[in-house]
Amino acid sequence: MFENENNSLSYLIDQLHRLPGIGRKTAQRLAFHIIKDNIEDASELAHAILEVKSKIRYCNQCFNITESDKCNICNNPGRDASTICVVEDIVDIIAIEKSNEYQGIYHVLGGAISPLAGISPDDLHIKELLIRSQDADVKEILLAINPSTEGEATMIYLSKLLKPYNKRITRIASGVPFGAHLEFIDNGTIGRDIISRRDVE
Ligand SMILES: [Zn+2]
């Protein structure tokens, strides 16, 4: 195929194909779009990728992304710091924020416990969550983990670990279907799930 005769093209297609949700055909379409683009637009794209890599880092409190030490949610005095919502990934924060039903702050675990995928509790930001949970100002820890086998296991593990801290431990209601990812659930459902959250036994 033409890709084999054009090394730079096949290299670009490979790089785009590496991205989540980008199949080979979509990668080809994007690559041809870039070829047709003028050089300024192409360098804007390359620049944007490098810029984000050099500027974006993780919030030193919640592991959300930020361009400074703390993210704009942790830094916002209008947020209710007595509730910490624990999520697997940063995309879950975006989904919950869009629902406009949550005013607390967050903690990003960086995934769920999955022995099959080789993800152990030590690979996640659990230690940091326990340290934050010691703060007397923290009253509630809301577990908004994706409803999956790994998510359930993570939730059980966390609720046991958090029990001695004597905080209210809640989980989002079950409007999100099992196996679904928060990021793909509509804002209304997430909002309702947060309002009708329940205590973890
Ligand atoms: Zn933060």
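Student: How many disulfides are there?
Tutor: The count comes to 0 disulfides, where a disulfide is a pair of cysteine sulfur atoms within 2.5 Å. Please bear in mind that this is a predicted model, in which local features need pLDDT of at least 70 and side-chain atom pairs count only at pLDDT 80 or more, while totals for chains, interfaces and linings use all residues. Residues are numbered from 1 along each chain as its sequence is written, and side-chain values use heavy atoms, with hydrogens and water left out.

Student: Which residues coordinate the zinc ion?
Tutor: The zinc ion is held through the SG atoms of Cys-59, Cys-62, Cys-71 and Cys-74, at 2.2 to 2.3 Å; donors are N, O and S atoms within 2.8 Å of the metal (3.2 Å for Na, K and Ca), and because water is not among the atoms, sites may look incomplete. Along the chain, the donors follow the spacing C-x2-C-x8-C-x2-C.

Student: Why is the arrangement called tetrahedral?
Tutor: The 4 donor atoms subtend angles of 104 to 118° around the zinc ion, so the arrangement is tetrahedral, a label that requires all angles among four donors to lie between 85 and 135 degrees.

Student: Are Cys-62 and Cys-71 buried or exposed?
Tutor: Cys-62 is buried, with a relative accessible area of 2%, and Cys-71 is buried too, at 0%. Buried means under 20% relative accessible area, exposed over 50%, and partly exposed in between (1.4 Å probe, protein chains only).

Student: Switching topic, which residues touch the most other members of the largest nonpolar core?
Tutor: Of its 40 residues, those are Cys-85, Val-86, Val-87, Ile-96, Tyr-106, Leu-143 and Leu-158; a nonpolar core is a set of buried Ala, Val, Leu, Ile, Met, Phe, Trp, Tyr and Cys residues joined through side-chain atoms within 4.5 Å. Apart from this core lies another, of 6 residues, among them Leu-9, Ile-13, Ala-27 and Ile-34.

Student: And which residues of helix H2 are buried?
Tutor: In helix H2 (residues 7–17) the buried residues are Leu-9, Ser-10, Ile-13 and Leu-16, with helices (H or I, at least four residues) being DSSP runs numbered from the N terminus. They lie on the same side of H2, because they cover an arc of only 125° around the axis, the arc being that of the directions from the helix axis to the C-beta atoms.

Student: What does the other face of H2 carry?
Tutor: The face turned away from the buried side of H2 carries the exposed residues Asn-7, Ser-8 and Tyr-11.

Notes:
Four donors count as tetrahedral if all angles lie between 85 and 135 degrees; four count as square planar and six as octahedral if opposite donors are over 155 degrees apart and all others between 65 and 115; anything else is irregular. Helices (H or I, at least four residues) and strands (E, at least two) are DSSP runs, numbered from the N terminus.
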